[in-house]
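These are my notebook entries on what I looked up in the structure.

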Amino acid sequence: MRQGSFQWMKSMNKSIILNKIRTQGPISRAQIARETNLTRPTVSSNVKELIDQNIVEESDIGQSQGGRKPTMLVINHGAFCILGVDAGPDTIKCVVSDLSGKVLERAETQLQLPIDNGGFLHALKNSIQECLVKTSGKDVIGIGVAMHGVVDIETGVLLFAPNLGLMDIPVKEELENTFGLEVKVENDARAMALGEFWFGDHGELESMLAVNIGRGVGAGLIIDGKLYHGSSDIAGEIGHMTIDLHGQVCECGNRGCLQTFVAGPAIARNISEKTAQSLSAEQVFEQALGGNEPCIEVLTQAGRALGVGLTNLIHIVNPEKIVLGGGVSKAQQFLLPAIRETIRASALTQSASRTKVEITKLGDDATLIGAVTLLLVDVFELA
């Protein structure tokens, strides 16, 4: 198992070539040279090193353009693996993935709540170790952690995890010291956005908003192909966007936050107020599927509130597409019509009113794939 990061093979030219092979492979050396303005000798020497390092391999012979058939290049997806972690607020999920984002192995640890910093780190390390033993001796590039809460991405410190009641955990430092691997730590919703951008089958996009709706509501914003963090790493905390100044008190202390209308606990509270039934958000969805009118209305109301929040974001950042994930998004047949109707009625322009809103195709793995992508960005993008 190779220890440390992929900085041992990164350079600007290699990154350009690698990304070209990743996005357009199989591709020939000559085509890479033409499309990147690198000289053929530069491409050939860098490709040789990448082949020697086992991250690129030659594939079937390409079609001739009048001369000798070119040898095509592809990423050797199976040569290395990455650990991706979705941490909290109820469980720690860990996967082993290859370079294509394909999940090879899994492990899951149920958190024993309430939990302190030491207990959380112990559970996190145990889950990672369980996956590491399944890597079959392959080189491991590193560990990506998608963390519930507010994260300092430079230091990898979990600053605050509201649903866990935890603060100031040096996740990156602890994991790097334990496992000797490079560790990237990111907020879970932003990690999900990155995974969507790379693996969500959305075509060529420059901007995207990915919204994770579960026990809370968070989002990640892609601008010009890059994850946007804001000046103090809280970009995407849309769950705490005020929708009603006189609404329910949120866990953050403010009133009428978006998540007090659309998160799982809010849906459970709303059905209780409407019918005096004690149902979880999942049970509300199940009964809505069976035709229960109060449950359908509660989910529709959540869709309208989310539509208001998303319309605000369309007016601010104007993304090309909005992708929804998380447990609540599984109620899409009740949420999406209300969301889309609200956006159509409220957006300032016809173009804005037609902003695409979709459900993730990555399913329950969306955040885990995002955690893996944190390391893939380190491998493939410019140093």
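This is a predicted model: local features need pLDDT of at least 70, side-chain atom pairs count only at pLDDT 80 or more; totals for chains, interfaces and linings use all residues.

Entry 1, surface charge. I found that Glu-204, Glu-206, Asp-224 and Glu-320 gather in a patch of negative charge on the surface. A patch is made of residues with over 30% relative accessible area and no salt bridge, with like charges joined within 9 Å; a salt bridge is a side-chain nitrogen of Lys or Arg within 4 Å of a carboxyl oxygen of Asp or Glu. I placed Asp-224 in the loop between β13 (217–223) and β14 (226–228); helices (H or I, at least four residues) and strands (E, at least two) are DSSP runs, numbered from the N terminus. Asp-224 is exposed, with a relative accessible area of 58% (buried means under 20%, exposed over 50%, partly exposed in between, with a 1.4 Å probe and protein chains only).

Residues are numbered from 1 along each chain as its sequence is written, and side-chain values use heavy atoms, leaving out hydrogens and water.

Is Ser-127 buried or exposed? Ser-127, in helix α4 (residues 117–132), is buried at a relative accessible area of 0%.

I recorded a cis peptide bond between Gly-25 and Pro-26, with omega about 0°. Another cis peptide bond joins Leu-113 and Pro-114, with omega about -5°.

Key: Patches are made of residues with over 30% relative accessible area and no salt bridge: like charges are joined within 9 Å, nonpolar side chains (Val, Leu, Ile, Met, Phe, Trp, Tyr) within 5 Å. Accessible areas come from the Shrake-Rupley method with a 1.4 Å probe; for residues, only the protein chains shown count as cover. Lys and Arg count as positive and Asp and Glu as negative; His and the chain ends are not counted. The place of a charge is taken as NZ of Lys, CZ of Arg, CG of Asp or CD of Glu.
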